[in-house]
Amino acid sequence: MDPNQAPVENYANPKTCLFHVLFKGAALAFYILSALFFNSFVIIFVVTVLLAALDFWVVKNVSGRILVGLRWWNEIDDLGESVWKFESLDQESLARMNKKDSWLFWWTLYLAAAAWFILGVFSLIRFQADYLLVVGVCLSLNVANIIGFTKCKKDAKKQLQQFASQTIASRFQSTVQSAFTLV
Amino acid sequence: MSHNDTIPLYQSSQSDIDEIENMMSNNGFQSNPGSVLPARPPSPTRPSIPVSSSSSPFVQSNLPPLPPPSSSAAAPKVTPVPAPPPPSSGFGSAPNTLTEPVWDTVKRDLARIVSNLKLVVFPNPNREDPGKALRDWDLWGPFFFIVFLGLTLSWSASVKKSEVFAVAFALLAAGAVILTLNVLLLGGHIIFFQSLSLLGYCLFPLDVGAVICMLKDNVILKMIVVTVTLAWSSWAAYPFMSAAVNPRRKALALYPVFLMYVSVGFLIIAID
C-alpha cells in the first residue's frame with residue numbers, strides 16, 4: 001500500500017453503473033460482432049434496436065436519477081402545449097453525488113454516441129442503407145438522452161443560482177423591514 | 001405553493017410585512033417553462049392540488065414554499081403545508097419521481113402504454129376531444145407495434161425476409177413522421193410526438209390483422225381481415241387528425257393517413 005496515495009472514492013452505485021454501461025455496450029458489441037454469426041438482417045436489427053431502446057429507458061429513468069440526480073420528460077398541459085419538464089435533486093444532495101458515478105455517466109454517454117456515429121459513417125461508405133437505418137435509430141436514441149440531460153443540468157444550475165440570489169434578496173428585504181418596524 | 005388562494009393552515013393574522021413577503025416569494029416562484037424544480041412528490045401525470053398560477057405550465061407545484069427567513073422578528077408566518085417532505089431527504093424516503101424504486105417506474109410506464117392503447121384504439125367517451133386523447137404520449141407502444149408488424153410480415157414472407165422487414169419498418173417510421181409534417185404544414189395544431197405516438201398506436205389493429213393473416217393463408221380471408229382492420233385503424237386515427245386542422249383541409253390531412261394504412265394492408269395481403 002502506498003502511504004502517499006489518497007483514499008480513492010469508490011463507485012457509490014456499482015449496480016446502476018453496471019446497467020448503465022451494460023446495454024450500451026451490448027448493443028454496440030452485438031451490432032459489430034453479429035455479422036460474424038448471423039446472416040439475417042432482421043435479427044441484427046431487432047436485437048440491436050431493442051438493446052438500444054432498453055438502454056435509453058435505463059439511462060433516462062434509472063441511471064440518470066441515481067447517478068446524477070437529474071430527470072427530464074415531456075408533458076402536454078391543459079392548453080395542449082408541449083412542455084419539457086426537468087427535475088433535479090436539491091443542492092445538498094447534488095453536492096453529495098459521487099464524482100466517479102457522474103464521470104462514468106457522462107463519458108459513456110458521449111462515447112457511445114461517438115461510436116454509433118463512426119459506425120454510421122462506415123455503413124455510409126459501404127452503401128448499406130439498411131444498416132444505416134439501425135445506426136440511425138440507435139444514434140438518435142443516444143443523442144436524445146444527451147440533449148435531455150444536458151438541458152436538465154443547465155437548468156438545474158440556473159435554478160440554483162436564481163434560488164440563491166432570491167434567498168439573499170428576500171432575507172435582505174425582511175431584515176430591512178424588520179429594522180424599520182423596530183425603529 | 002401559492003398563498004393567494006389556499007387557506008392558511010394556521011389562523012394567523014397576516015401583517016403587512018407577511019403579505020409583502022408572501023407576494024415576493026410567489027413572484028419569485030413563477031418559474032419559466034422548463035426550469036428545474038427541487039425534488040417533489042410523484043405523479044407527474046395529473047395534478048392533485050389546484051394551484052392558481054394558470055400562466056405557468058406547472059399545474060402541480062407541490063413545492064414547499066420559499067421558507068421564510070427564520071431570523072426575522074416579524075409576526076408568525078404562514079408555515080408550509082405538510083404535503084411534500086423536505087427535499088434534503090432526497091435519497092431515501094421522499095416519494096417523488098426522482099427517488100422512486102425502479103419497479104415503480106416500469107409499472108408506471110407499462111400502465112401508460114395500456115391506457116394509451118385503450119384510449120386510442122377502443123371506443124371510449126373521451127374520443128371526441130383529441131387534445132385529451134394522448135395527453136401522456138409515449139413512444140414505447142408505437143415502437144413495439146411497428147417492430148411487431150415488421151416481424152410478422154417478415155415471418156410470413158418466404159423470400160427476401162430482411163428486405164420486407166426493413167421496408168415495413170422504414171415505411172411506417174418515415175410515414176408517421178411525414179404525416180405529422182403534413183398536418184403541421186397544412187397549418188394544423190398538433191404536437192409532433194403526440195401525433196407520432198397516435199399514428200403508432202393506431203397500428204395495433206393492423207398488427208392483429210397481420211397475425212391472423214400469418215396464421216391462415218387464405219386470400220379471401222386475408223382481404224376481409226385486412227379491410228376490417230384497415231377500417232378500424234382509420235377510425236381510430238380520424239378524430240385526432242381531423243380535429244387538428246382547419247375543417248376545409250380535413251380531407252388533405254386524412255387522405256395520406258388512409259393511404260399509408262392501405263399500403264400496409266396491401267403489404268399484408270401480398271406477402272405469402
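Biologist: Which side chain meets A:D55 in a salt bridge?
Modeller: In this predicted model, the contact of A:D55 is a salt bridge with an N to O distance of 3.1 Å. The pair links distant parts of chain A, with A:D55 in helix α2 (residues 41-68) and its partner in helix α1 (residues 14-37), 31 residues apart. The partner is A:K24.

Biologist: Are A:D55 and A:K24 buried or exposed?
Modeller: Buried means under 20% relative accessible area. A:D55 has 4% relative accessibility, and A:K24 has a relative accessible area of 6%. Both values fall under the cut-off, so A:D55 and A:K24 are buried.

Biologist: What separates A:D155 and A:K158 along helix α5 of chain A?
Modeller: The side chains of A:D155 and A:K158 form a salt bridge at 3.8 Å, N to O. Because these residues lie three apart in helix α5 (residues 129-182), their separation is about one helical turn.

Biologist: How far apart are the closest N and O atoms of B:R112 and B:D109?
Modeller: B:R112 and B:D109 are three residues apart in helix α2 (residues 102-121) of chain B, and therefore about one helical turn apart. B:R112 is partly exposed at 26% relative accessible area, whereas B:D109 is buried at 11%. Their salt bridge has its closest N and O atoms at 3.0 Å.

Key:
Residues are numbered from 1 along each chain as its sequence is written. Chains are lettered from A and ligands numbered from 1 in the order in which they are written. This is a predicted model: local features need pLDDT of at least 70, side-chain atom pairs count only at pLDDT 80 or more; totals for chains, interfaces and linings use all residues. Side-chain values use heavy atoms; hydrogens and water are left out. A salt bridge is a side-chain nitrogen of Lys or Arg within 4 Å of a carboxyl oxygen of Asp or Glu. Helices (H or I, at least four residues) and strands (E, at least two) are DSSP runs, numbered from the N terminus. Buried means under 20% relative accessible area, exposed over 50%, partly exposed in between (1.4 Å probe, protein chains only).
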